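Biologist: Please take me on a close look at one spot in this model, and then at the sheet as well.

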Protein chains: 2
Amino acid sequence: MRFTATLSGVLSFLEALKRVLVGRPEISGRFRPAPMRRRFALPALSTNALSSLAYAPDEILVTLSLAGVSAIRLGPWVGLGVMAVLMVLVLCYRLAVRAYPTGKGDYQIASENLGPRAGVVVGAALLVDLTLTVAVSMSAAAHYVAAAIPALAGREGWIAAIGVALLVVANLRGSGRSNVARALPTVLFVGVLGLLLAIGAVLALTGHLGQAPSADFAVAPAAGHEEGATGFVGFLLVLRAFSTGSAALTGVESPISGVTQLAKPQARTAGWVLLWLGVIATVLTLGTLFLAREAGVKLADSPGSQLSVDGHPVTGYTQAPVLAQLTQAVLGAGWPVWVLGIVTVIMLLSAGMVGFSSFPRLAYHLASDGYLPRQLRTQGDRLGYSNGILVLGIAALVMVLATGAHLGVLVQLYVVGVFVSFALSQLGMVRHFTLRLRSSAQRRVRGALRRKRALSAIGALLSALVLVVVLVTRVTHGAWIAVAAVVLLSLGMLSIRRHYDQVDAELAIDDITSVTALPSRVHAIVLVSTLRKPLLRALAFARGARPQRLEAVMVDVDRDKTQRTVSAWQRWGIPVPLTVLAAPYRELSGPLLEHIRQARADRPRDLVVVYIPEYVVGRWWEQLVHNQTGLRLRARLHYEPGVVVASVPWQLASTKAPHPATPEPPA
Amino acid sequence: MRFTATLSGVLSFLEALKRVLVGRPEISGRFRPAPMRRRFALPALSTNALSSLAYAPDEILVTLSLAGVSAIRLGPWVGLGVMAVLMVLVLCYRLAVRAYPTGKGDYQIASENLGPRAGVVVGAALLVDLTLTVAVSMSAAAHYVAAAIPALAGREGWIAAIGVALLVVANLRGSGRSNVARALPTVLFVGVLGLLLAIGAVLALTGHLGQAPSADFAVAPAAGHEEGATGFVGFLLVLRAFSTGSAALTGVESPISGVTQLAKPQARTAGWVLLWLGVIATVLTLGTLFLAREAGVKLADSPGSQLSVDGHPVTGYTQAPVLAQLTQAVLGAGWPVWVLGIVTVIMLLSAGMVGFSSFPRLAYHLASDGYLPRQLRTQGDRLGYSNGILVLGIAALVMVLATGAHLGVLVQLYVVGVFVSFALSQLGMVRHFTLRLRSSAQRRVRGALRRKRALSAIGALLSALVLVVVLVTRVTHGAWIAVAAVVLLSLGMLSIRRHYDQVDAELAIDDITSVTALPSRVHAIVLVSTLRKPLLRALAFARGARPQRLEAVMVDVDRDKTQRTVSAWQRWGIPVPLTVLAAPYRELSGPLLEHIRQARADRPRDLVVVYIPEYVVGRWWEQLVHNQTGLRLRARLHYEPGVVVASVPWQLASTKAPHPATPEPPA
């Protein structure tokens, strides 16, 4: 039996696999998308915000269902509250983009106005938030898929995981970066949903609207909510529904962070996009919730125990999403539901793509500022920030698999990050306007600045309020995980920055002569393990480098072997003195380190170069059957000052086996 | 927040933990046990064989119970069959030890007489077998513990795992190597069990023997065995019980492989030990089985469904091992059962220790012959072969956890390895005597050799027969796993040997001048990433080595950084030429390798030394936030012939943090 898989074979295979998945590498600076005009910018930059229509109404109704049917009928009012917040945020962000016409994201606004620590918190919140954009979008998509194909019900976690994997591959390939690819899903989704709502409105007004499949169900309140949506408990429940529905507000900041991609005048385009984004989101969300009430859509947190018909529990019923139930009520079951489902899943995939383009870009900025590892700045073969894409992919995978794509849990986490960054960036805007007020004397300007500041303050306050609502109503339902993630991430980012700063200070060149002093002499040590060809090559290379002092050192770990080597050394007449070090504890590095330290103590200005002969094997398992002494020794020697470790590799024949065509270069 | 755990801190902690668990290192050659005289040798070398009394009778009765009560009464006869085989093997091994008075194990006997391939198969079988010695002993011990402490019932797998872990630590410490420690558990166990059986025999003969707790139970036959132990099905079942009971034969070869530890005359001592081992095992096994029948001990494969009293199924009954039931019948419940249990568990731990001393020793021999990785030859701090101990520990852990310490399954695996090695080593002895017959002319000697050969042939045949019985009756019950393990291990060992042979042939020095030719000139390349102190040190070291040609090479991965570096290079007036390589695909190793290959093509006799500045960090997480470029590049460069990779480490301040007392050596 012969294992033909070689290390280089495995590497070539992985390389080939990467080529198939990722595509051929692209030359730097090759990809430059055209600036987006309004008609592309509006759909492309509102994908994230509008995609929440696929799940936010559902989450509102599910939360309300805990208090029974009467509470479900409050859905549109909760939606109205969410949309009011949305419009305030839209106005605030319009101010922000006019104040920073070159485009600043929440992270930059906060760090510029409130200091780097606030910026780091916003950065952490946004990273968590964008991870959840992907996790939530893919989970929602998984629920649509499972609702359409009942055989897949209960496997939502895995479907969502496949979705995340697809997004990772697509983004490593650099797919979907064209303006058309970014705009089309939103156009389709808004078109289909708008048409559906319009027809539905006409039918409702004329009294011809059909019934949702769940219209006849009674919904039993959960324990503790028998009173319905009344009293303090009912009030808290409505607040909870409101906080859940706030998921619809995520992504409203997209037009700001995407300003640089817009056609000029960029700030004006962004402002226009923001306004229409707000209008469309409001119309569609409220339309969906009102029509759902008209059609009698009922959702339940646990359909099996809460739903009943004529006093009998409902069995064999799979709860379909609100949009699917609405479609059935307006256009009937069958192909319309499929069309809506497909369009919605495409929209959710597109929202996932937004997460995958924003997260790595934010990580790049944070890494450039020294808050995240430098590796996140690396551009991959297809010009995407591959490490950022992979980190996001893994984090989102963990989330969907850990929660089993449970939207109720994920949405709670989602909302925390969003409102932390909203609140802090609006606070930053308040401070920004305050500073400008100080330097401005003109009365008319001062009045305008005061009004802008007031609006930003309202935005900040409102966001903080929603955050408090979320924390109060949902902190035990999982929101603490998001809080902990933001806190830990912020602390981690601050200590990474501190480390980089320390290293910078330590390594910065202040006085070139202090470091460039040449070592007076070179003391070369060749490590002897077995007297074979690789050792002779290492000796030849060490001699070729003509050090002032050269010795071969053998550590006497195995008495017999040492004696064999010493006698062979004399027999072959090797012209390098051989030093044998005693090793009473059968351990290599101790005696060697002691020898080196002694040598350095004797001549502190000498440079010690340790030559280690190393075998390079071709097959992965061959690595296992050779002692890893060289590797471990190198790691130990790295902690010794004034020691250079030179590996002299010997390529075993097996490294060349898979490339018979490559002629071996002369040695 | 500051992470104080540093890499060296972690290492020191692990080192300290190792010291606590393993103890201080011992100087080579320190441990030399006294040669064992007969009275120590008999108990010390029969531990493994006699410990099977703790489970082999149980396994025989459990297997027979499948055919109901009448079959259980066949127990002593099955035991008699097993003991007959034992006596034949004892006689065979007495021949073997007289033929090889210096002591050869089954592995050496087989490889010497039947060729290295047969030796490898025996080696593989013995490795599997010794792993199972540990797994079976610890599983049996776990069952005794669980029978004594009902709260632990059902957790046998974890108890056995703890036992294995204890054995690993004890062996890494080098505990229990004294002759007394090895002999005492067997003396205790045989003494207690012998006393019990003697009293039991007297009581039985006088008609005063008590009843076992399971005496009144009826045992329902399993499906397919309603006819009892009659017909072909019954015959197969008895064979199965016989093959299971053959577990009692493992360890009979211990006196042979332990010959070197014996007092002189070694071969005679070993022969004496073998004979008495056989006698004691026979008396105790048959005594146990006969007395168990007299006391009415009933065991069942699935007690819950098979056992009944007066037609009612037995509930709330925990099946105790045969020895425990016997003790209760002879001496009554209470402290006698506890004494027996404790003595038995100690005996089983001692048998596990035998596995842990034999396996690493065998692995050492196999590694010395090139069939296993060389690492298995390393002696640890306490002179044990630590790697072998760890490998065995992990393998045994996997087995007890995977089977949940299920003895029925483990014993089947056990028997396969034992009889493969018995059969092949006896076949080796047949060939040995045949060869001696050829060279011997004396008539009397030839007659004796013929008789010895006949006996060995009977031993080989009998072992082969038992192996066939095991395979026929149990191959689908898990024995195939052992067969597969032996086959895969043998193939793996042969390919490791082939690899070592190839490497030896490739690396052997045939002509010293061909390899020692010195490179004509040295071309040093210093890799530039950031212009900071570590780079200056690398440049200084490279200049200090006075190469004929020296250049700094920067790969232009990031345009801005390259320009900054180039201008700083001029500003500081660094006296080394800087070459900038274009990297259109933002990748470091491609352009660098091309540059090196070009240089080597121009001057093939030059040696290229690549200096890589590396940061050495103190805290584990700091490693993550530095690009691992150096590491990956070194791996790539190792595949280039004629290139030496010199790492120039820069120890960051954090590497020194935990040792404020250590004065920094002069740089």
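Modeller: Happy to! Let's begin at G428(A), which touches I109(A), N113(A) and L114(A), leaving aside residues up to four places away in sequence; contact means heavy atoms within 4.5 Å. This is a predicted model, in which local features need pLDDT of at least 70 and side-chain atom pairs pLDDT 80 or more, while totals for chains, interfaces and linings use all residues. Residues are numbered from 1 along each chain as its sequence is written, chains are lettered from A and ligands numbered from 1 in the order written, and side-chain values use heavy atoms, without hydrogens and water.

G428(A) sits in helix α17 (residues 407-439) of chain A; helices (H or I, at least four residues) and strands (E, at least two) are DSSP runs numbered from the N terminus. With a relative accessible area of 0%, G428(A) is buried (under 20%, with exposed over 50% and partly exposed in between; 1.4 Å probe, protein chains only). Y107(A) is 321 residues away from G428(A) in sequence, yet their C-alpha atoms are 9.9 Å apart.

Now the sheet. Ten strands form an open, mixed sheet in the order β6(A)-β5(A)-β4(A)-β7(A)-β8(A)-β8(B)-β7(B)-β4(B)-β5(B)-β6(B), where a pair needs at least two DSSP bridges. The β6 strands (578-582) of chains A and B stand at the edges with a single partner strand each, so one side of each has no neighbour in the sheet. Between the chains, three bridges join the β8 strands (residues 643-651) of A and B, which run antiparallel. There, S647(A) stands opposite V645(B).
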